[in-house]
Amino acid sequence: MKFLDEYRDGAAVQPLLEALRRRTTRPWTLMEVCGGQTHSILRFGIDQLLPPSIRLIHGPGCPVCVTPVAFIDKALAIAERPGVIFCSFGDMLRVPGSHSDLFRVKSRGGDVRVVYSALDAVQLALREPEREVVFFAVGFETTAPANALAAREALRLGLANFSMLVSQVRVPPALELLLASGAAQVDAFLAAGHVCAVMGTVEYLPIAARYHVPIVVTGFEPVDLLRGILECVVQLEEGRAEVANAYERLVPSGGNPTARALMAGVFQVVDRTWRGLGLIPRSGMALAEAYAQLDAEQRFGVSDLGGTDSPLCRSGEVLLGILDPQNCPAYGTRCTPEHPLGATMVSAEGACAAHYRYRRPRED
Amino acid sequence: MCLCLPGRILDLGEAPLCLGRVAFGAVVKRVSLALVPGAAVGGYVLVHAGTAIQVLDEALAREVLDLQVEMAADLKRNP
């Protein structure tokens with residue numbers, strides 16, 4: 001595919017690797033924030049190609065993984081209702097709640113459907129006026145514009161049978177938490193390219209300055225990832241800590257102003273609990289006042305439902321970059337993609353699932 | 001979750017959703033172009049969950065690839 005395959009070309013990768021070898025004089029630890037990048041890195045074996053003194057650790061950027069158990073329980077409670085069509089992205093279906101998951105609800109007769117887009121759920125609500133159609137709106141800033149567009153369209157059409165269970169999250173507050181906690185020793189961050197395609201780079205300027213840490217916007221193909229890693233290393237070696245953009249073709253510094261304006265109208269910034277990480281101030285998005293009628297939590301009276309993680313699952317430490325998936329006692333034994341204890345083993349972008357699939361332990 | 005693909009716009013749909021046809025290699029899908037008002041037929045957009053979220057800057061895309069070719073040539077000259 002054009003603008004994709006060229007960035008996977010081995011011939012283009014070699015000079016970047018050589019430059020990395022020449023520029024690296026000390027050990028550096030970089031965190032890739034986005035789960036999609038974790039997946040790419042393990043899939044293409046990027047971590048194996050780097051100079052041995054560069055260590056990549058995985059960050060919390062997988063929305064499936066950080067959706068709290070309480071929200072899964074709310075989804076289950078709604079999906080079990082007769083008359084409801086519960087629409088979700090496919091990777092949420094196997095995420096365990098306190099007692100069950102959406103797949104099990106479906107197998108017991110619940111009408112749970114996988115959709116590709118929130119707009120598909122709006123179309124479904126139009127076609128099925130007798131049914132309540134609920135869309136499970138999870139995701140980072142990348143997904144928020146599409147979900148916001150669906151909310152605006154549902155209101156425009158006056159759809160009384162459409163609502164959204166919203167568990168949207170924002171990246172910058174989680175980065176701040178990681179840096180403020182000092183839990184993982186991270187020298188530089190690869191920032192999530194597709195989040196920045198929407199949001200731009202401005203939000204990261206104060207974080208880079210306050211914590212003196214390079215933050216480099218990075219894409220998802222091998223050439224993109226290596227350009228991001230090289231920029232981090234060059235900055236670290238020179239003692240600089242700046243926000244840089246190694247994904248120029250898709251990330252203007254202002255992001256997408258049309259998308260951001262729509263998001264600002266549909267959503268409001270709220271505190272949000274992240275699975276494994278706890279409450280992070282201003283890290284979430286919920287429906288704004290003007291869209292409150294679409295709020296599925298209110299409509300189905302599930303606001304107060306809560307739940308707890310499996311005590312065996314240490315995904316919080318994995319998401320903070322403290323624990324390598326393979327060092328978790330449950331990894332590959334009691335916790336597998338078929339029988340996951342936590343969400344990091346479910347999603348293709350979860351660090352545990354990506355390790356399990358491509359299992360290539362780093363040979364130090 | 002943040003998986004996106006670059007696709008080429010075949011036609012622009014009508015407001016407000018602007019559901020146009022976008023080609024991803026041989027696969028053609030209907031995509032909302034409502035959030036990329038600057039997009040034009042023949043141009044490339046970044047698509048996520050049925051919605052185009054950014055216009056691809058082809059000049060910058062080529063620049064990066066040209067730079068890699070230069071780097072490779074440099075490497076040959078100064079191994």
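In this predicted model, strand 8 of chain A, helix 12 (residues 222-237) of chain A and strand 9 of chain A form a β-α-β unit, and its handedness is left-handed. The two strands of that unit, strand 8 of chain A and strand 9 (residues 243-245) of chain A, pair up in the parallel sense, with three bridges between them. Within this pairing, Val216(A) sits opposite Ala244(A) in strand 9 of chain A.

Strand 8 of chain A has another partner too. Strand 7 (residues 188-192) of chain A runs parallel to strand 8 of chain A, and four bridges join the two. Here Phe189(A) is the residue that stands opposite Ile215(A) in strand 8 of chain A.

What about the side chains? In a regular strand, they alternate between the two faces of the sheet. Strand 8 (residues 215-218) of chain A has Ile215(A) and Val217(A) pointing one way, while Val216(A) and Thr218(A) point the other way. Whichever way they point, all of these residues are buried.

Now for the chain that holds this unit. Chain A contains 16 helices and 11 strands. Its radius of gyration is 21 Å, close to the 21 Å that the globule rule gives for 364 residues, so chain A is as compact as a globular protein of that length. Taken along the principal axes, the C-alpha atoms of chain A fill a box of roughly 65 × 45 × 40 Å. Buried residues come to 55% of the 364 in chain A.

Chain B is built from one helix and five strands, and going along the sequence they come in the pattern β-β-β-β-β-α. How does the radius of gyration of chain B sit beside that of a compact globule of 79 residues? Such a globule would come out near 12 Å, but chain B has 16 Å. The box filled by the C-alpha atoms of chain B, again along the principal axes, is roughly 55 × 25 × 20 Å. As for burial, 38% of the 79 residues in chain B count as buried.

Terms used
Residues numbered from 1 in each chain as written. Chains lettered and ligands numbered in written order. Predicted model: local features only at pLDDT ≥ 70, side-chain atom pairs only at ≥ 80, totals over all residues. Rg over C-alpha atoms; globule rule 2.2 N^0.38 Å. Buried ≥ 20, exposed ≤ 12 C-beta atoms within 10 Å, placed from the backbone. Pairing = 2+ DSSP bridges. Right-handed = clockwise from strand over helix to strand, strands pointing away.
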